[in-house]
Amino acid sequence: MIHQINDLFATLDGYIGGAQWFVFLLLGTGVFFTLYLGFPQIRYFSHALKVITGRFDKDGDTGDTSHFQALTTALSGTVGTGNIAGVALAIFLGGPAALFWMLVTAFLGMTTKFVEVTLSHKYRDILPDGSVSGGPMYFMKKRLNISLPNGKLLKTGYLLGGIFAVATIFSSFGTGSLPQVNSIASAMFASFGIQPIVTGGILAVILALVILGGIKRIALVTAKLVPAMALIYFVGALSVILYNFDQIIPSFVSIFSDVFSGTAATGGFLGASFSFAFNRGVNRGLFSNEAGQGSAPIAHAAARAHEPVSEGIVAILEPFIDTIIICSLTGLVILSSGVWTEKHENMFQSADTEILVGSYSDVLEVDQLKLAEHISGEERISDFTGSLIVADGRIDLTHFTFIHARSVAENILVTNTKSGKPFTGMIPVKSGLVNFEKTGITVVGVSLLHSATLTTMAFEKGFFGHNGQYIVAIGLLLFAFSTSISWSYYGERAVLYLLGATWV
């Protein structure tokens, strides 16, 4: 079942998130508005800082939250696993150049946020109880209908707004909760041995106490939570970057030097092409700051303001804080520590594993090239189908190559999951894929790391040493939990739009 779900999402990602048209459409929108509006992310940046202080507020402004509270609520929705796991995944997939494209996405995304938040605030609804509800579904409904020659109105905006609202409800569970709470539970189990079901239960209760109080309570919590969690993470990141101060300049150089050429093979990293770094950098950049996704405008619509554009100006700060500052810190931690090219012992996951026909080495340049082309999909190596022979926990890999986490795996040990003893027998493989859980085995070995695990390892290479893992665990807890708070609110607003307040 898990493999079928993974295959479904991988297929969808191939057509949407992994498709070339997706990143060009996203960046193209940002480029268009940046040029059309005359680089507002630069011109209005200092003004945005003044607006969030309340300097231009007027008595009688309609809304539920202050500018600062709206910003922190939206930031709590965007600052999440993407800032910790997403950056690590981007570098793991595309090398240091992927971080450059994340930053480009953020720079253009500052304008995209400016536009979508301004529209959301302009076309928001004031509800009978005096509260405010807004978001892309509202300005779609009001402004994207088509007037026909016969005088009738084709309600395309209603349809598009409804589709967006339904997608937002799914995302409030998906983007907003599932990966967030899963990351927290995994980090708590790895760092403190707390069972995932306990973590999930506690978070459900705390989350309920916050979101059942509505946007005003959410805003009060996020206004305190977001600055606190940013400060903790900032101090932890600096402890690693300054500890590896001799690698700061080389890390900066690596981000920009291979932007148009791709990253060559280094250590266990088998290289990445320009197109892959570009695609995944933009992809992870969107996941991190959500510019153009339509989520943050729902939070900003609740802000008290007499001019919609003033709230749009505030939104310029979001991608800057989320991606240009926090994601850059994570990227520099990973690059300066050097862990992104190093293989470490870890427990292998079936989804990250592939068995190839033939014996290849990541030390020989000719093999590096073949493996890199295989991983990028340019020229595939034949996948193995059959059975791997295992004797006393060791696999006979004379004629095969065991790939895990896009690297050649080493020192592989197979044990029986139930008994914990070395496994002896056969492991069935179909088209290069193997299901460890179904076979009843646990596989441990040395390979590259990715996502939150890679970031955790990087944070251990600083002044705090092994204790650096707790900074990541706490950071994940705060970042991911704050995301769940905001996305619960986004889902609530979508339900209200579709069905009314009684169904919330």
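Which residues of helix 8 are buried? They are P136, M137, Y138, F139, M140 and K141, where buried means under 20% relative accessible area, exposed means over 50% and partly exposed lies in between (1.4 Å probe, protein chains only). Before going on, a word on what you're looking at: this is a predicted model, in which local features need pLDDT of at least 70 and side-chain atom pairs count only at pLDDT 80 or more, while totals for chains, interfaces and linings use all residues. Residues are numbered from 1 along each chain as its sequence is written, and side-chain values use heavy atoms, with hydrogens and water left out.

Back to helix 8, which covers residues 136-143 and is mostly covered, with six of its eight residues buried. Helices (H or I, at least four residues) and strands (E, at least two) are DSSP runs numbered from the N terminus. The cover over those buried residues includes helix 7 (96-122), helix 9 (156-173), helix 15 (296-300) and helix 21 (468-499), along with strand 1 (125-126) and strand 2 (132-133). Contact here means heavy atoms within 4.5 Å.

Now zoom out. The protein chain has 21 helices and 13 strands. Its radius of gyration is 24 Å, close to the 23 Å that the globule rule gives for 504 residues, so the chain is as compact as a globular protein of that length. That radius is taken over C-alpha atoms, and the rule is 2.2 Å times the number of residues to the power 0.38. Along the principal axes, the C-alpha trace spans about 75 × 50 × 50 Å. Of the 504 residues, 53% count as buried. Among contacts with a separation of 6 or more, 80% come from residues 24 or more positions apart.

Strand 6 (residues 353-357) runs antiparallel to strand 9 and is joined to it by five bridges; two strands pair if DSSP finds at least two bridges between them. In that pairing, T353 stands opposite H404. H404 also has S407 as its bridge partner in strand 10. Strands 9 and 10 form a hairpin with two residues between them, and A405 in the turn has a positive phi of about 55°.

That brings up backbone angles. Most residues other than glycine have a negative phi.

The accessible surface comes to about 22,700 Å², of which 65% belongs to carbon and sulfur atoms. A nonpolar patch of about 550 Å² is made by F192, I194, I197, V198, I202 and I206. Helix 11 (residues 196-211) supplies the largest share, four residues, while F192 is found in helix 10 (residues 178-192) and is partly exposed at 44%. Patch residues have over 30% relative accessible area and no salt bridge; like charges are joined within 9 Å, and nonpolar side chains (Val, Leu, Ile, Met, Phe, Trp, Tyr) within 5 Å. A salt bridge is a side-chain nitrogen of Lys or Arg within 4 Å of a carboxyl oxygen of Asp or Glu. Areas come from the Shrake-Rupley method with a 1.4 Å probe; for residues, only the protein chains shown count as cover.
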